[in-house]
Amino acid sequence: MEQIHTTETTQFGAPDAPFCNRETARFTIIPAPLEYSVCYMEGTRHGPQAILNASSQMELYDEELDCCPIEVGVYTHPVLNYQGMDHAAALHHTGEAVREVLERHQIPLTLGGEHSLSAPIIAEVYKKYPDLTVVHIDAHGDLRDEYEGTPLSHASIERRVVDMGIPLLEIGIRSFSPEEAAFLKTGPNVAVVWAYKIARGLASIPWERLSQHTYVTIDLDAIDPSEMPAVGTPEPGGLSWYQVLDLFKEICQRTTVVGMDVVELCPMEGQTRADFLAAKLVYKLIGYHSSIK
Ligand SMILES: [Mn+2]
């Protein structure tokens with residue numbers, strides 16, 4: 001089959017210059033091709049560029065919001081370069097990039113890459129917003145103390161959030177280890193909304209746990225594999241596109257979202273729909289964030 005797409009897009013949505021100005025943008029997108037602790041399938045390091053490329057094909061008008069959300073200003077930082085860095089150094093580098101964005105009073109929206117990158121980002125956002133709550137939308141609990149010998153693993157990211165003392169709300173979870181179940185029973189500051197309860201209409205989301213400022217991390221495997229096949233560890237029974245959008249809308253209505261990430265896209269040949277879903281999701285997050293409030 002002939003490859004149609006060859007150009008590499010550097011600015012999310014490929015907008016006109018005034019809408020991706022580094023100084024005046026409301027959002028800075030940080031492409032973070034970090035991949036160190038992936039356990040099943042490789043390729044998340046290609047996720048950020050695949051999202052950027054797909055975003056250049058996307059319409060910039062949002063029919064639900066009746067506006068072009070890109071006009072609030074969406075600057076895309078150069079793709080982070082982790083060459084020669086070990087995992088810890090790469091995480092540090094990611095955190096530094098986010099700190100710069102926060103210093104410009106912009107909202108960091110990081111594209112992964114594997115989920116471990118959220119830890120240094122959340123640490124930086126938490127320094128600026130000490131009342132932070134983290135909302136974690138994922139198939140997996142990611143609450144292991146360590147995984148495959150490292151506390152930096154993607155499977156431990158939310159445990160690091162708990163270690164930082166930040167309240168955590170997990171949504172869409174349907175893959176949880178015995179160790180994580182035991183940990184949850186020790187009474188940490190974590191609420192888990194299981195996917196099976198959402199699917200059966202039995203879930204009541206404890207929104208009252210949200211503080212004024214919220215960080216939202218979305219692992220794309222939260223979405224059902226029928227819609228989002230290109231992830232390293234797919235789990236059946238996931239959320240639908242509209243369920244994820246509605247969750248995010250509700251979060252925007254209730255709190256101020258001060259940082260976001262969308263992680264774990266693992267581009268697959270012949271599954272461009274996954275890249276397009278991820279790009280559109282990022283754009284919907286920007287749109288809701290800008291239009292609600
Ligand atoms: Mn996951």
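Arg22 is partly exposed, at 33% relative accessible area (buried is under 20%, exposed over 50%, and partly exposed lies in between, with a 1.4 Å probe and protein chains only). Its side chain meets that of Glu23 in a salt bridge, 2.6 Å from N to O; the term means a side-chain nitrogen of Lys or Arg within 4 Å of a carboxyl oxygen of Asp or Glu. Bear in mind that this is a predicted model, where local features need pLDDT of at least 70 and side-chain atom pairs count only at pLDDT 80 or more, while totals for chains, interfaces and linings use all residues. Residues are numbered from 1 along each chain as its sequence is written, and side-chain values use heavy atoms, with hydrogens and water left out.

The structure holds 12 salt bridges. Another one joins Asp163 and Arg160, at 3.0 Å from N to O. These two sit 3 residues apart in helix 4 (residues 157-163), so about one helical turn separates them. (Helices are DSSP runs of H or I with at least four residues, strands are E runs of at least two, and both are numbered from the N terminus.) Arg160 counts as buried, at 16% relative accessibility.

Now look at Asp62 and Lys284, whose closest N and O atoms are 2.9 Å apart in a salt bridge. This pair links distant parts of the chain, 222 residues apart: Asp62 is in the loop between helix 1 (47-55) and strand 2 (74-76), and Lys284 is in helix 8 (residues 272-291). Asp62 is buried, at 3%, and Lys284 is buried too, at 6%. Salt bridges with shared partners tie Asp62, Glu64, Lys249 and Lys284 into one network.

(On a 1 Å grid over the protein atoms alone, a cavity is a set of points where a 1.4 Å probe fits but cannot get out, and lining residues have an atom within 4 Å of a point.) A search of the whole structure turns up 1 cavity of 30 Å³ or more. The largest cavity has a volume of about 50 Å³, volume being the space filled by probe spheres set on the grid points.

Finally, the manganese ion. Its protein donors are Asp138 (OD), His140 (ND1), Asp219 (OD), Asp221 (OD) and Asp221 (OD), at 2.2 to 2.6 Å. Donors here are N, O and S atoms within 2.8 Å of the metal (3.2 Å for Na, K and Ca), and sites may look incomplete because water is not among the atoms. Along the chain, the donors follow the spacing D-x1-H-x78-D-x1-D. Asp219 is buried at 3% relative accessibility, and Asp221 is buried with a relative accessible area of 3%.

Terms used: On a 1 Å grid over the protein atoms alone, a cavity is a set of points where a 1.4 Å probe fits but cannot get out, and a pocket is an open set with protein on both sides within 12 Å along at least five of seven lines; lining residues have an atom within 4 Å of a point.
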